[in-house]
Amino acid sequence: MSDRLPDLTTKAGRKRPSALKNRSPYIVFIIGLLAGALGVTSFAPFNFWPSYFVTLMVFATLILSSSTAKSAFWRGTSVGLGFFGAGVSWVFVSIDTYGQVGDIASALITFLFVLVVTLFWSVSGWLSWRLIQRFKHISPALLIAFSLLLGEFARSHLFTGFPWLLPGYAIQETWLFELLPIGGIWLTSAVVVLTASLIPGRLFSNHNHIALIMAVLFTWSAGLYLHYFPEKWVSQTGSIKTTLVQGNVPQELKWQQSTAASSLAYYEKATREHLDSDLVVWPETAITYFYHEVRPFLSPLRKQLADTKTTLITGVPDYQADTKTYYNAMWATGNGFGLYYKRHLVPFGEYIPLASIVGPILDIFGMPMSSFSPGDSNQPTLQVGEWAAAPFICYEIVYPEQVRRLVRDSDFLITISNDAWFGASIGPWQHLQIARFRAKESGRYLIRATNTGVSAIIDQNGDIVAEAKQFKRTTLTSTVKTFSGITPYVQWGYWPVLLLLLITFILSYSSNKALSKKRIDEKKSLLKKRLYQ
(Lines give C-alpha, C1' and ligand atoms only; values in the text may rest on other atoms or scores of the structure.)
Protein backbone atom coordinates (compact mmCIF):
# COMPACT_ATOMS: atom_id res chain seq x y z
CA MET A 1 0.00 0.00 0.00
CA SER A 2 1.26 3.47 -0.86
CA ASP A 3 2.14 5.80 2.00
CA ARG A 4 0.83 8.84 0.04
CA LEU A 5 -2.62 10.11 0.89
CA PRO A 6 -4.92 10.44 -2.13
CA ASP A 7 -5.87 14.00 -3.14
CA LEU A 8 -9.61 13.69 -2.65
CA THR A 9 -10.33 17.38 -3.24
CA THR A 10 -8.67 20.16 -5.16
CA LYS A 11 -8.52 23.87 -4.47
CA ALA A 12 -12.06 25.29 -4.37
CA GLY A 13 -13.34 21.76 -4.91
CA ARG A 14 -12.57 21.68 -8.62
CA LYS A 15 -10.03 20.52 -11.17
CA ARG A 16 -9.29 22.99 -13.91
CA PRO A 17 -9.51 21.88 -17.57
CA SER A 18 -5.82 21.41 -18.37
CA ALA A 19 -6.32 22.12 -22.09
CA LEU A 20 -7.29 25.72 -21.30
CA LYS A 21 -5.33 26.31 -18.12
CA ASN A 22 -2.07 27.37 -19.79
CA ARG A 23 -3.39 28.58 -23.13
CA SER A 24 -2.54 32.02 -24.43
CA PRO A 25 -5.21 34.51 -23.26
CA TYR A 26 -5.58 35.64 -26.87
CA ILE A 27 -6.36 32.09 -28.05
CA VAL A 28 -8.86 31.66 -25.22
CA PHE A 29 -10.47 35.01 -26.09
CA ILE A 30 -10.91 33.92 -29.72
CA ILE A 31 -12.42 30.62 -28.58
CA GLY A 32 -14.89 32.58 -26.46
CA LEU A 33 -15.77 34.91 -29.35
CA LEU A 34 -16.45 32.02 -31.74
CA ALA A 35 -18.46 30.10 -29.16
CA GLY A 36 -20.55 33.19 -28.42
CA ALA A 37 -21.28 33.88 -32.09
CA LEU A 38 -22.27 30.24 -32.61
CA GLY A 39 -25.05 30.57 -30.02
CA VAL A 40 -26.97 33.05 -32.16
CA THR A 41 -27.94 30.21 -34.53
CA SER A 42 -30.22 28.83 -31.80
CA PHE A 43 -32.53 31.82 -32.18
CA ALA A 44 -34.78 32.93 -35.03
CA PRO A 45 -34.53 32.72 -37.96
CA PHE A 46 -32.08 29.77 -37.63
CA ASN A 47 -33.64 27.87 -34.70
CA PHE A 48 -30.84 25.30 -34.32
CA TRP A 49 -31.29 25.02 -30.56
CA PRO A 50 -28.21 22.89 -29.59
CA SER A 51 -25.74 25.64 -30.54
CA TYR A 52 -26.66 27.91 -27.62
CA PHE A 53 -26.01 25.05 -25.22
CA VAL A 54 -22.52 24.79 -26.72
CA THR A 55 -22.05 28.53 -26.08
CA LEU A 56 -22.98 28.19 -22.43
CA MET A 57 -20.89 25.06 -21.96
CA VAL A 58 -17.87 26.92 -23.30
CA PHE A 59 -18.70 29.84 -21.00
CA ALA A 60 -18.82 27.53 -17.97
CA THR A 61 -15.63 25.73 -19.02
CA LEU A 62 -13.76 29.03 -19.41
CA ILE A 63 -14.85 30.14 -15.95
CA LEU A 64 -13.89 26.82 -14.35
CA SER A 65 -10.46 26.99 -15.99
CA SER A 66 -9.81 30.56 -14.82
CA SER A 67 -7.08 31.03 -12.24
CA THR A 68 -8.25 34.49 -11.10
CA ALA A 69 -11.43 36.54 -10.96
CA LYS A 70 -9.91 38.93 -13.49
CA SER A 71 -9.35 36.09 -15.91
CA ALA A 72 -12.96 34.93 -15.44
CA PHE A 73 -14.14 38.49 -16.16
CA TRP A 74 -12.32 38.67 -19.49
CA ARG A 75 -13.31 35.17 -20.49
CA GLY A 76 -16.95 35.99 -19.82
CA THR A 77 -16.43 39.13 -21.90
CA SER A 78 -15.12 37.11 -24.85
CA VAL A 79 -18.22 34.90 -25.01
CA GLY A 80 -20.57 37.86 -24.50
CA LEU A 81 -18.91 39.91 -27.26
CA GLY A 82 -19.25 37.06 -29.72
CA PHE A 83 -22.86 36.40 -28.78
CA PHE A 84 -24.19 39.95 -28.72
CA GLY A 85 -21.92 41.12 -31.55
CA ALA A 86 -23.60 38.61 -33.84
CA GLY A 87 -27.01 38.51 -32.13
CA VAL A 88 -27.84 42.22 -32.14
CA SER A 89 -25.97 43.15 -35.31
CA TRP A 90 -29.26 44.56 -36.61
CA VAL A 91 -28.62 47.64 -34.44
CA PHE A 92 -25.93 48.66 -36.94
CA VAL A 93 -28.45 48.44 -39.78
CA SER A 94 -30.80 51.00 -38.23
CA ILE A 95 -28.03 53.40 -37.16
CA ASP A 96 -26.09 53.19 -40.42
CA THR A 97 -29.15 53.47 -42.68
CA TYR A 98 -31.16 56.08 -40.80
CA GLY A 99 -28.77 57.63 -38.25
CA GLN A 100 -27.02 59.91 -40.76
CA VAL A 101 -23.66 59.42 -39.03
CA GLY A 102 -21.69 57.33 -41.53
CA ASP A 103 -20.33 53.79 -41.44
CA ILE A 104 -17.48 54.37 -38.99
CA ALA A 105 -19.59 56.21 -36.42
CA SER A 106 -22.38 53.64 -36.83
CA ALA A 107 -19.94 50.80 -36.19
CA LEU A 108 -18.54 52.60 -33.15
CA ILE A 109 -21.99 53.26 -31.66
CA THR A 110 -23.02 49.65 -32.31
CA PHE A 111 -19.83 48.36 -30.69
CA LEU A 112 -20.40 50.52 -27.62
CA PHE A 113 -23.95 49.18 -27.33
CA VAL A 114 -22.72 45.58 -27.68
CA LEU A 115 -20.04 46.29 -25.08
CA VAL A 116 -22.62 47.56 -22.58
CA VAL A 117 -24.83 44.47 -22.83
CA THR A 118 -21.72 42.24 -22.82
CA LEU A 119 -20.67 43.67 -19.46
CA PHE A 120 -23.47 41.70 -17.82
CA TRP A 121 -21.80 38.48 -19.00
CA SER A 122 -18.41 39.83 -17.93
CA VAL A 123 -19.67 40.47 -14.40
CA SER A 124 -21.40 37.08 -14.40
CA GLY A 125 -18.05 35.44 -15.14
CA TRP A 126 -16.34 37.41 -12.36
CA LEU A 127 -19.16 36.70 -9.89
CA SER A 128 -19.17 33.00 -10.75
CA TRP A 129 -15.48 32.68 -9.91
CA ARG A 130 -15.90 34.57 -6.64
CA LEU A 131 -18.88 32.48 -5.56
CA ILE A 132 -17.06 29.25 -6.38
CA GLN A 133 -14.21 30.28 -4.07
CA ARG A 134 -16.60 31.35 -1.31
CA PHE A 135 -19.22 28.56 -1.32
CA LYS A 136 -17.26 25.34 -1.57
CA HIS A 137 -20.19 23.15 -0.57
CA ILE A 138 -22.29 24.17 -3.60
CA SER A 139 -21.79 22.80 -7.10
CA PRO A 140 -19.71 25.24 -9.22
CA ALA A 141 -22.02 24.50 -12.16
CA LEU A 142 -24.99 25.71 -10.11
CA LEU A 143 -23.12 28.88 -9.08
CA ILE A 144 -22.21 29.62 -12.69
CA ALA A 145 -25.82 29.12 -13.78
CA PHE A 146 -27.07 31.33 -10.95
CA SER A 147 -24.57 34.11 -11.78
CA LEU A 148 -25.50 34.11 -15.46
CA LEU A 149 -29.22 34.15 -14.66
CA LEU A 150 -28.67 37.05 -12.27
CA GLY A 151 -26.75 38.92 -14.97
CA GLU A 152 -29.50 38.33 -17.53
CA PHE A 153 -32.12 39.48 -15.05
CA ALA A 154 -30.13 42.67 -14.42
CA ARG A 155 -29.74 43.23 -18.17
CA SER A 156 -33.50 42.92 -18.53
CA HIS A 157 -34.31 45.55 -15.89
CA LEU A 158 -31.53 48.12 -15.44
CA PHE A 159 -31.90 51.40 -17.36
CA THR A 160 -35.37 50.27 -18.62
CA GLY A 161 -33.80 46.92 -19.58
CA PHE A 162 -32.87 45.09 -22.76
CA PRO A 163 -34.44 41.60 -22.39
CA TRP A 164 -33.49 40.47 -25.90
CA LEU A 165 -31.98 37.02 -26.67
CA LEU A 166 -32.57 35.66 -23.18
CA PRO A 167 -31.43 32.02 -22.78
CA GLY A 168 -34.98 30.69 -22.72
CA TYR A 169 -35.69 31.88 -26.27
CA ALA A 170 -33.25 29.28 -27.62
CA ILE A 171 -35.57 26.35 -26.86
CA GLN A 172 -38.54 27.12 -29.11
CA GLU A 173 -38.10 23.81 -30.95
CA THR A 174 -37.79 21.68 -27.79
CA TRP A 175 -40.08 20.26 -25.10
CA LEU A 176 -39.07 23.10 -22.79
CA PHE A 177 -41.34 25.40 -24.79
CA GLU A 178 -44.23 23.70 -22.96
CA LEU A 179 -42.99 25.08 -19.62
CA LEU A 180 -43.78 28.68 -20.60
CA PRO A 181 -47.35 28.71 -19.19
CA ILE A 182 -45.91 27.54 -15.86
CA GLY A 183 -42.92 29.81 -15.31
CA GLY A 184 -42.53 31.95 -18.41
CA ILE A 185 -39.29 32.88 -20.12
CA TRP A 186 -37.39 32.88 -16.82
CA LEU A 187 -38.22 29.24 -16.14
CA THR A 188 -37.02 28.14 -19.58
CA SER A 189 -33.95 30.37 -19.19
CA ALA A 190 -33.16 28.76 -15.83
CA VAL A 191 -33.47 25.26 -17.27
CA VAL A 192 -31.24 26.15 -20.23
CA VAL A 193 -28.39 27.54 -18.11
CA LEU A 194 -28.68 24.74 -15.54
CA THR A 195 -28.56 22.11 -18.29
CA ALA A 196 -25.64 23.67 -20.13
CA SER A 197 -23.60 24.22 -16.95
CA LEU A 198 -24.09 20.66 -15.74
CA ILE A 199 -21.79 18.92 -18.24
CA PRO A 200 -18.63 21.05 -17.71
CA GLY A 201 -19.39 21.16 -13.99
CA ARG A 202 -19.54 17.38 -13.87
CA LEU A 203 -16.35 17.00 -15.92
CA PHE A 204 -14.23 19.56 -14.12
CA SER A 205 -15.48 19.45 -10.54
CA ASN A 206 -15.28 16.90 -7.74
CA HIS A 207 -18.60 18.03 -6.29
CA ASN A 208 -21.78 16.05 -5.95
CA HIS A 209 -24.10 17.11 -8.79
CA ILE A 210 -27.11 14.99 -7.91
CA ALA A 211 -29.25 18.05 -7.06
CA LEU A 212 -28.49 19.69 -10.39
CA ILE A 213 -29.06 16.45 -12.27
CA MET A 214 -32.43 16.01 -10.54
CA ALA A 215 -33.49 19.59 -11.39
CA VAL A 216 -32.54 19.15 -15.05
CA LEU A 217 -34.21 15.75 -15.39
CA PHE A 218 -37.36 16.93 -13.62
CA THR A 219 -37.84 20.03 -15.80
CA TRP A 220 -37.08 18.29 -19.09
CA SER A 221 -39.41 15.44 -18.11
CA ALA A 222 -42.15 17.93 -17.22
CA GLY A 223 -41.74 19.54 -20.64
CA LEU A 224 -41.93 16.12 -22.33
CA TYR A 225 -45.07 15.21 -20.39
CA LEU A 226 -46.80 18.49 -21.29
CA HIS A 227 -45.78 18.04 -24.92
CA TYR A 228 -47.71 14.78 -25.19
CA PHE A 229 -50.35 15.49 -22.55
CA PRO A 230 -51.00 19.27 -22.79
CA GLU A 231 -52.77 20.97 -19.93
CA LYS A 232 -55.74 23.20 -20.72
CA TRP A 233 -55.10 26.38 -18.73
CA VAL A 234 -57.56 28.68 -20.57
CA SER A 235 -60.96 28.42 -22.25
CA GLN A 236 -62.14 29.82 -25.58
CA THR A 237 -64.95 32.36 -25.32
CA GLY A 238 -65.41 33.56 -28.90
CA SER A 239 -63.75 34.53 -32.17
CA ILE A 240 -63.03 37.71 -34.14
CA LYS A 241 -62.49 37.98 -37.88
CA THR A 242 -59.34 40.10 -38.11
CA THR A 243 -57.51 41.84 -40.96
CA LEU A 244 -53.96 43.17 -40.71
CA VAL A 245 -52.88 45.87 -43.16
CA GLN A 246 -49.15 45.81 -43.95
CA GLY A 247 -48.34 49.08 -45.71
CA ASN A 248 -44.65 48.34 -46.49
CA VAL A 249 -43.72 52.02 -46.46
CA PRO A 250 -39.94 52.58 -46.75
CA GLN A 251 -38.60 54.08 -43.53
CA GLU A 252 -36.73 56.86 -45.34
CA LEU A 253 -40.01 58.02 -46.96
CA LYS A 254 -42.42 57.32 -44.13
CA TRP A 255 -42.41 60.80 -42.56
CA GLN A 256 -42.36 62.82 -45.78
CA GLN A 257 -45.49 64.89 -46.39
CA SER A 258 -46.29 63.38 -49.79
CA THR A 259 -45.75 59.82 -48.57
CA ALA A 260 -47.81 60.41 -45.42
CA ALA A 261 -50.86 61.36 -47.47
CA SER A 262 -50.60 58.50 -49.98
CA SER A 263 -49.86 56.00 -47.23
CA LEU A 264 -52.94 57.04 -45.24
CA ALA A 265 -55.01 56.79 -48.43
CA TYR A 266 -53.84 53.19 -48.91
CA TYR A 267 -54.70 52.22 -45.34
CA GLU A 268 -58.16 53.75 -45.69
CA LYS A 269 -58.80 51.96 -48.98
CA ALA A 270 -57.62 48.61 -47.64
CA THR A 271 -59.82 49.02 -44.57
CA ARG A 272 -62.96 49.79 -46.60
CA GLU A 273 -62.31 46.60 -48.56
CA HIS A 274 -62.44 44.58 -45.33
CA LEU A 275 -65.44 46.01 -43.50
CA ASP A 276 -66.72 42.44 -43.15
CA SER A 277 -63.99 41.94 -40.54
CA ASP A 278 -64.66 42.60 -36.87
CA LEU A 279 -61.20 44.12 -36.42
CA VAL A 280 -58.76 45.88 -38.76
CA VAL A 281 -55.24 46.62 -37.50
CA TRP A 282 -52.72 49.10 -38.90
CA PRO A 283 -49.07 49.05 -37.74
CA GLU A 284 -47.09 51.36 -35.46
CA THR A 285 -47.25 55.02 -36.61
CA ALA A 286 -49.17 53.95 -39.72
CA ILE A 287 -50.59 57.46 -39.39
CA THR A 288 -47.75 59.97 -39.35
CA TYR A 289 -50.01 62.93 -38.58
CA PHE A 290 -50.73 63.77 -34.95
CA TYR A 291 -53.80 62.25 -33.32
CA HIS A 292 -55.59 65.60 -32.94
CA GLU A 293 -54.94 66.36 -36.64
CA VAL A 294 -56.10 63.09 -38.13
CA ARG A 295 -59.11 62.42 -35.88
CA PRO A 296 -61.45 64.90 -37.66
CA PHE A 297 -60.09 63.84 -41.05
CA LEU A 298 -61.03 60.19 -40.43
CA SER A 299 -64.57 60.97 -39.22
CA PRO A 300 -66.26 59.49 -42.34
CA LEU A 301 -64.25 56.27 -42.02
CA ARG A 302 -64.95 56.08 -38.30
CA LYS A 303 -68.69 56.36 -38.94
CA GLN A 304 -68.53 53.66 -41.59
CA LEU A 305 -66.62 51.42 -39.21
CA ALA A 306 -69.19 51.93 -36.47
CA ASP A 307 -72.07 51.18 -38.88
CA THR A 308 -70.50 47.87 -39.92
CA LYS A 309 -69.49 47.00 -36.34
CA THR A 310 -65.81 47.03 -37.29
CA THR A 311 -63.09 48.26 -34.96
CA LEU A 312 -59.94 49.91 -36.27
CA ILE A 313 -56.75 49.88 -34.19
CA THR A 314 -53.78 51.89 -35.44
CA GLY A 315 -50.55 53.43 -34.33
CA VAL A 316 -50.47 57.24 -34.25
CA PRO A 317 -48.23 59.89 -32.64
CA ASP A 318 -49.91 62.20 -30.16
CA TYR A 319 -48.96 65.65 -28.92
CA GLN A 320 -50.31 67.19 -25.74
CA ALA A 321 -50.04 70.95 -26.13
CA ASP A 322 -50.69 71.74 -22.46
CA THR A 323 -47.71 69.68 -21.29
CA LYS A 324 -45.73 69.92 -24.55
CA THR A 325 -45.19 66.16 -24.55
CA TYR A 326 -45.14 63.66 -27.40
CA TYR A 327 -46.40 60.09 -27.17
CA ASN A 328 -46.19 56.99 -29.32
CA ALA A 329 -49.82 55.86 -29.19
CA MET A 330 -52.23 53.12 -30.20
CA TRP A 331 -55.79 54.21 -30.97
CA ALA A 332 -59.00 52.14 -31.19
CA THR A 333 -61.98 53.65 -33.02
CA GLY A 334 -65.14 52.69 -34.93
CA ASN A 335 -66.85 49.88 -33.02
CA GLY A 336 -64.24 50.20 -30.27
CA PHE A 337 -62.45 52.82 -28.22
CA GLY A 338 -59.31 53.59 -26.27
CA LEU A 339 -56.01 55.44 -26.55
CA TYR A 340 -52.88 53.74 -25.22
CA TYR A 341 -49.50 55.46 -24.74
CA LYS A 342 -46.34 53.40 -25.09
CA ARG A 343 -44.69 52.81 -21.70
CA HIS A 344 -41.31 51.31 -22.55
CA LEU A 345 -39.48 53.57 -24.97
CA VAL A 346 -36.47 52.53 -27.06
CA PRO A 347 -33.28 54.13 -25.69
CA PHE A 348 -31.67 56.48 -28.24
CA GLY A 349 -34.54 55.75 -30.64
CA GLU A 350 -37.51 57.31 -28.82
CA TYR A 351 -35.73 59.07 -25.99
CA ILE A 352 -32.17 59.87 -24.91
CA PRO A 353 -31.01 58.48 -21.53
CA LEU A 354 -29.03 61.11 -19.59
CA ALA A 355 -29.99 63.60 -22.29
CA SER A 356 -28.03 66.48 -20.75
CA ILE A 357 -24.82 64.46 -21.08
CA VAL A 358 -25.36 62.23 -24.11
CA GLY A 359 -27.46 64.62 -26.20
CA PRO A 360 -24.67 67.08 -27.08
CA ILE A 361 -22.38 64.19 -28.06
CA LEU A 362 -24.99 62.81 -30.46
CA ASP A 363 -25.51 66.29 -31.86
CA ILE A 364 -21.84 66.32 -32.86
CA PHE A 365 -22.46 63.22 -34.96
CA GLY A 366 -25.61 64.79 -36.37
CA MET A 367 -27.72 61.88 -35.16
CA PRO A 368 -31.49 62.67 -35.14
CA MET A 369 -33.32 61.55 -32.01
CA SER A 370 -36.94 61.51 -30.92
CA SER A 371 -38.27 62.97 -27.71
CA PHE A 372 -41.24 60.81 -26.78
CA SER A 373 -42.51 60.59 -23.21
CA PRO A 374 -43.55 57.29 -21.58
CA GLY A 375 -47.19 56.60 -20.83
CA ASP A 376 -48.54 55.85 -17.36
CA SER A 377 -47.85 52.41 -15.93
CA ASN A 378 -51.55 51.85 -15.18
CA GLN A 379 -53.45 52.09 -18.48
CA PRO A 380 -56.59 50.14 -19.43
CA THR A 381 -56.98 47.71 -22.30
CA LEU A 382 -58.40 48.76 -25.67
CA GLN A 383 -62.01 47.87 -26.41
CA VAL A 384 -62.85 45.91 -29.58
CA GLY A 385 -66.62 45.56 -29.62
CA GLU A 386 -67.33 43.45 -26.55
CA TRP A 387 -63.75 42.21 -26.32
CA ALA A 388 -60.73 43.64 -24.49
CA ALA A 389 -57.34 43.78 -26.21
CA ALA A 390 -54.09 44.13 -24.23
CA PRO A 391 -52.00 46.65 -26.25
CA PHE A 392 -48.23 46.68 -26.74
CA ILE A 393 -46.25 48.88 -29.09
CA CYS A 394 -43.14 47.43 -30.77
CA TYR A 395 -40.39 46.93 -28.18
CA GLU A 396 -42.87 46.47 -25.31
CA ILE A 397 -43.66 42.89 -26.28
CA VAL A 398 -40.19 41.85 -25.07
CA TYR A 399 -41.15 42.67 -21.45
CA PRO A 400 -42.86 39.55 -20.05
CA GLU A 401 -43.96 41.20 -16.82
CA GLN A 402 -45.70 44.07 -18.63
CA VAL A 403 -47.62 41.55 -20.74
CA ARG A 404 -48.40 39.44 -17.69
CA ARG A 405 -49.98 42.36 -15.83
CA LEU A 406 -52.45 43.12 -18.63
CA VAL A 407 -53.42 39.54 -19.51
CA ARG A 408 -55.94 39.13 -16.69
CA ASP A 409 -58.16 41.87 -18.14
CA SER A 410 -57.82 40.88 -21.80
CA ASP A 411 -59.35 38.45 -24.27
CA PHE A 412 -56.39 38.61 -26.67
CA LEU A 413 -53.09 40.48 -27.15
CA ILE A 414 -52.17 42.95 -29.86
CA THR A 415 -48.78 44.39 -30.73
CA ILE A 416 -48.01 46.84 -33.51
CA SER A 417 -44.51 47.52 -34.76
CA ASN A 418 -42.37 49.16 -37.42
CA ASP A 419 -39.44 46.82 -38.03
CA ALA A 420 -38.50 48.69 -41.20
CA TRP A 421 -35.70 50.17 -39.06
CA PHE A 422 -33.88 46.84 -39.24
CA GLY A 423 -34.20 46.09 -42.95
CA ALA A 424 -33.57 42.51 -44.03
CA SER A 425 -31.56 41.68 -40.89
CA ILE A 426 -32.35 38.97 -38.34
CA GLY A 427 -33.92 41.56 -35.99
CA PRO A 428 -37.54 41.31 -37.21
CA TRP A 429 -37.45 37.50 -36.98
CA GLN A 430 -36.14 37.61 -33.42
CA HIS A 431 -38.91 40.11 -32.63
CA LEU A 432 -41.53 37.72 -34.03
CA GLN A 433 -40.07 34.84 -32.01
CA ILE A 434 -40.36 36.85 -28.81
CA ALA A 435 -44.03 37.55 -29.58
CA ARG A 436 -44.67 33.81 -29.89
CA PHE A 437 -43.30 33.30 -26.37
CA ARG A 438 -45.64 35.97 -24.95
CA ALA A 439 -48.64 34.22 -26.53
CA LYS A 440 -47.62 30.85 -25.09
CA GLU A 441 -46.93 32.29 -21.61
CA SER A 442 -50.27 34.06 -21.40
CA GLY A 443 -52.55 31.53 -23.12
CA ARG A 444 -53.85 34.19 -25.49
CA TYR A 445 -53.96 34.78 -29.24
CA LEU A 446 -51.57 37.52 -30.27
CA ILE A 447 -52.05 39.87 -33.23
CA ARG A 448 -48.85 41.34 -34.67
CA ALA A 449 -49.27 44.10 -37.26
CA THR A 450 -46.11 45.60 -38.76
CA ASN A 451 -45.16 48.06 -41.50
CA THR A 452 -42.78 45.85 -43.49
CA GLY A 453 -43.25 42.50 -41.78
CA VAL A 454 -43.40 40.08 -40.28
CA SER A 455 -47.14 40.57 -39.68
CA ALA A 456 -48.71 37.48 -38.13
CA ILE A 457 -51.46 35.99 -36.02
CA ILE A 458 -50.22 33.67 -33.28
CA ASP A 459 -52.43 31.29 -31.33
CA GLN A 460 -52.48 30.58 -27.59
CA ASN A 461 -49.93 27.78 -28.05
CA GLY A 462 -47.37 30.09 -29.64
CA ASP A 463 -47.94 28.69 -33.13
CA ILE A 464 -48.26 31.00 -36.14
CA VAL A 465 -51.77 30.70 -37.59
CA ALA A 466 -51.28 33.17 -40.45
CA GLU A 467 -48.29 35.17 -41.68
CA ALA A 468 -47.80 37.90 -44.30
CA LYS A 469 -44.78 37.90 -46.57
CA GLN A 470 -42.09 40.37 -45.52
CA PHE A 471 -41.51 43.56 -47.58
CA LYS A 472 -44.83 43.31 -49.39
CA ARG A 473 -47.79 45.70 -49.34
CA THR A 474 -50.61 43.36 -48.48
CA THR A 475 -53.44 42.44 -46.13
CA LEU A 476 -53.80 39.35 -43.98
CA THR A 477 -57.18 38.07 -42.81
CA SER A 478 -57.68 35.29 -40.30
CA THR A 479 -59.72 34.33 -37.25
CA VAL A 480 -58.55 35.37 -33.79
CA LYS A 481 -59.96 33.34 -30.93
CA THR A 482 -60.67 34.96 -27.59
CA PHE A 483 -59.87 33.27 -24.28
CA SER A 484 -60.56 33.63 -20.58
CA GLY A 485 -58.69 32.19 -17.63
CA ILE A 486 -55.05 32.52 -16.66
CA THR A 487 -51.98 30.33 -16.81
CA PRO A 488 -49.86 29.52 -13.72
CA TYR A 489 -47.25 32.00 -14.98
CA VAL A 490 -49.81 34.81 -15.12
CA GLN A 491 -50.90 33.83 -11.60
CA TRP A 492 -47.50 33.32 -9.97
CA GLY A 493 -44.91 35.07 -12.13
CA TYR A 494 -41.30 34.33 -11.07
CA TRP A 495 -42.16 32.13 -8.10
CA PRO A 496 -41.83 28.72 -9.85
CA VAL A 497 -38.33 29.73 -10.98
CA LEU A 498 -37.29 30.93 -7.53
CA LEU A 499 -38.66 27.76 -5.95
CA LEU A 500 -36.73 25.57 -8.41
CA LEU A 501 -33.48 27.42 -7.71
CA LEU A 502 -34.00 27.45 -3.94
CA ILE A 503 -34.64 23.69 -3.75
CA THR A 504 -31.67 22.98 -6.02
CA PHE A 505 -29.38 25.16 -3.89
CA ILE A 506 -30.49 23.51 -0.62
CA LEU A 507 -30.05 20.00 -2.01
CA SER A 508 -26.69 20.88 -3.56
CA TYR A 509 -25.39 22.33 -0.31
CA SER A 510 -26.62 19.36 1.74
CA SER A 511 -25.24 16.71 -0.60
CA ASN A 512 -21.86 18.39 -0.99
CA LYS A 513 -21.50 19.02 2.73
CA ALA A 514 -22.18 15.33 3.31
CA LEU A 515 -19.66 14.44 0.59
CA SER A 516 -17.05 16.70 2.17
CA LYS A 517 -17.61 15.08 5.57
CA LYS A 518 -17.28 11.63 4.00
CA ARG A 519 -13.97 12.58 2.37
CA ILE A 520 -12.61 13.97 5.63
CA ASP A 521 -13.62 10.77 7.43
CA GLU A 522 -11.91 8.73 4.69
CA LYS A 523 -8.74 10.77 5.10
CA LYS A 524 -8.80 10.27 8.86
CA SER A 525 -9.41 6.56 8.45
CA LEU A 526 -6.55 6.27 5.97
CA LEU A 527 -4.27 8.25 8.26
CA LYS A 528 -5.08 5.95 11.20
CA LYS A 529 -4.30 2.89 9.11
CA ARG A 530 -0.92 4.34 8.15
CA LEU A 531 -0.08 5.22 11.77
CA TYR A 532 -0.84 1.69 12.97
CA GLN A 533 1.08 -0.04 10.18
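**Exercise 1.** In this predicted model, find which helices each supply at least two residues of the lining of the second largest pocket, and then describe that pocket.

*Solution.* Begin with the helices: α9 (210-228) and α15 (427-442) each contribute at least two residues to the lining of the second largest pocket. Next, take the lining as a whole, which consists of 22 residues, with E178, P230, K440, Q460 and N461 lying nearest the centre of the pocket. Sorting the lining by class then gives 8 nonpolar, 7 polar and 7 charged residues. Finally, the space in this second largest pocket comes to about 450 Å³.

**Exercise 2.** Determine whether the residues of strand β8 (residues 412-417) are buried or exposed, and what follows for the strand.

*Solution.* Taking buried to mean under 20% relative accessible area, look at one side of β8, where F412, I414 and I416 are buried, and then at the other, where L413, T415 and S417 are buried as well. Because 6 of the 6 residues of β8 are buried, the strand is largely enclosed by the rest of the structure.

**Exercise 3.** Trace how β8 pairs with strand β7 (residues 387-393) and with strand β9 (residues 446-450), and how the chain passes between these strands.

*Solution.* Start with β7, which pairs with β8 in the parallel sense over 5 bridges, A390 having L413 in β8 as its bridge partner. From β7 the chain reaches β8 through helix α14 (residues 400-407), in a β-α-β crossover that is right-handed. Then turn to β9, which also pairs with β8 in the parallel sense over 5 bridges, with S417 standing opposite T450 in β9. Here the chain runs from β8 through α15 to β9, and this β-α-β crossover is right-handed.

Note on methods:
Residues numbered from 1 in each chain as written. Predicted model: local features only at pLDDT ≥ 70, side-chain atom pairs only at ≥ 80, totals over all residues. Heavy atoms only, no water. 1 Å grid on protein atoms, 1.4 Å probe; cavity = no way out; pocket = protein on both sides within 12 Å on 5 of 7 lines; lining within 4 Å. Points joined across faces, edges and corners; volume = space filled by probe spheres on them. Helix = DSSP H or I, 4+ residues; strand = E, 2+ residues; numbered from the N terminus. Nonpolar A, V, L, I, M, F, W, Y, C, P; charged D, E, K, R; others polar. Buried < 20%, exposed > 50% of the residue type's maximum accessible area, 1.4 Å probe, protein only. Pairing = 2+ DSSP bridges. Right-handed = clockwise from strand over helix to strand, strands pointing away.
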